[in-house]
Amino acid sequence: MIGKPMRNLWRGFGGNIGLSFFAAFAMLPLLWMLSVSLMSPGEASSFPPPLLPKHPTLENYMKLFEYSSMGRNFLNSLFVASSATLLSLTFNVSAGYAFAKLEFKGRQLLFRGLLSALVIPAQVSMIPLFLMLKGMGLVNSWIGVLIPFVASIFGIFLIRQYALSIPTELIESARIEGASEIRIFRSVVVPLLTPILITLGLFTFLAAWNDFLWPLIVLTDSDKYTLPIALASLSREHVQDVELMMAGAVVTVTPVLVLFLALQRFYMSGTLAGSVKG
Amino acid sequence: MKPSVAGWLFAGPALAIIAVFFFLPVLAALAISLTDFDIYALADLSNLRFVGFQNYIELLQRPLFWQALGNTLYFVLVGAPLSVMVSLAAALLLNGQMVRFKGFFRTALFAPVVTTIVAVAVIWRYLLHTRYGLINYGLDGLGLPVVDWLGDPRFAMPAIILFAVWKNFGYNMIILLAGLQAIPEDLYEAARIDGANAWQRFSHVTLPALVPSLFLVGVLTMAGYFQLFAEPYVMTQGGPVQSTLSIIYLMYEEGFKWWSLGSASAVAFILFVFMIVAAIGQLAVMRRYGSGV
């Protein structure tokens, strides 16, 4: 007969084996991408499919930056994602705080309205938004790409949920000492919100970096393409160049993966906070 | 400055932007879907005419629309439950008391969620390659028949579902894991004392306690899956023979390839209606079978 500790050991072992399968499922495509990106041109298209490069080379990366506009696309993506992050923090944080801590007329009603609007898919707004931008001459502009990121219902909601935990007495006592509302916001509220600011910033950066449909609609000039748009169009032209495409995928995916790994704690807590029903 | 004024000043800018660049366009989309907005109207608005529900009626008569709707429902109704089941399996394993290296596994399993969809769709296009793809190589190694994944209309959507499960399961896993961790250990202890085996503990303790989390991930996943676009755009371009053309893909082509913006807006609204119906349907199912929702 197996004793309890022994049985637990086996159960843990079984769990780890199961998890190893899941981890292989999740990680193999990404590792394969990295490996193929280091292969010589044509190497991956052979049978049996090679797992590791015979002679690892950076040729594909050099080709990518020399003969395609990847370098430029990378900078475009960096600019769009950073700007989106700054704009989102500027507009959503003050609004989220107001909905949590400042009494104003119609607040409850407005908030409920915003929450129920979360069910409207963004795609419904895209055609008129495109026409609006066209009317303003903003098609193919950075402002056009950034518009959907400036203020978001989800962002306001995320900040509000966190800001609810700020003790009201803290704000009250600052008010009694004569601090202005803006001053209270800047020196009392924002420092307390720091963790959720990082979360919202991270979410926005990743969403803007990974965004596809909207920039595909708005950006018409290949000089302005962000990485996903450039990669999608490159992959239609260079279907056969597996190694080159994998180098492109590595360049696109690495920044967001690194950012996620560095700030994982904030990402996970935000995922849970954002999914709590209001 | 009174706090009430401050409230409006702090919330105002964001609300104004959401009103102008989201709510207004949504209402405008409804209006545009009732017009024949096309490339001529795009050049000169005086060519615009009100046509009532004609766009909707014409769509309902087009086989391509039904194909896109059918494909999308296939993706949602097969892909979403499959995703949630995989997420649940992963969450249960991660919740195991004796499991080591939890942090590592959690990160590894979550990584695909944050990746750029276009980039990883490109990877999968090659993994699914008929001759040189690793997936067929693996099938062949196991003695199974190889499949022309992205070239055969019967297999293109299953291939995209497989990809979507890979890309998304980590997200729901995190939410479900939090739900599992919130179940009090006493409940399991009591069930054990009553002689419940592992399966009975799962079906009588774990599942009922997890109903709110399952409802949440179900709604989120379905809503996300209704918006299928980038996967077929990159992997199959809607083919072969339109077997992966989705509703949003149809909207994109109607609107930005053919410039039939009236018809494209109608497509978007029909999708919206389906999403609401699906969410209400799920709510009804959960109310019936769940407790405490």
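Which ring does the charged end of B:Arg125 sit over? You'll find out in the third view below.

This is a predicted model, where local features need pLDDT of at least 70, side-chain atom pairs count only at pLDDT 80 or more, and totals for chains, interfaces and linings use all residues. Residues are numbered from 1 along each chain as its sequence is written, chains are lettered from A and ligands numbered from 1 in the order in which they are written, and side-chain values use heavy atoms, with hydrogens and water left out.

**View 1. A:Asn76 sits in helix α3 (residues 70–101) of chain A.** Helices here are DSSP runs of H or I, at least four residues, numbered from the N terminus. A:Asn76 is buried at 6% relative accessible area (buried is under 20%, exposed over 50%, partly exposed in between, with a 1.4 Å probe and protein chains only).

**View 2. A:Phe74 meets A:Trp209 edge-to-face.** Their ring centres are 5.7 Å apart and their planes stand at 80 degrees (rings of Phe, Tyr and Trp, using its six-membered ring, pair if centres lie within 6.5 Å; planes under 30 degrees apart are stacked, over 60 edge-to-face, the rest tilted). A:Phe74 is in helix α3 and A:Trp209 in helix α9 (residues 181–210), so the pair ties together parts 135 residues apart in sequence. A:Trp209 is buried at 0%, while A:Phe74 is partly exposed at 24%.

**View 3. Two arginines of chain B lie over rings.** The charged end of B:Arg125 sits over the ring of B:Tyr126, 5.4 Å from its centre. B:Arg100 lies over the face of B:Phe101, at 5.5 Å from the ring centre. To count, NZ of Lys or CZ of Arg must be within 6 Å of the ring centre and within 35 degrees of the ring normal.

Definitions and conventions: Helices (H or I, at least four residues) and strands (E, at least two) are DSSP runs, numbered from the N terminus.
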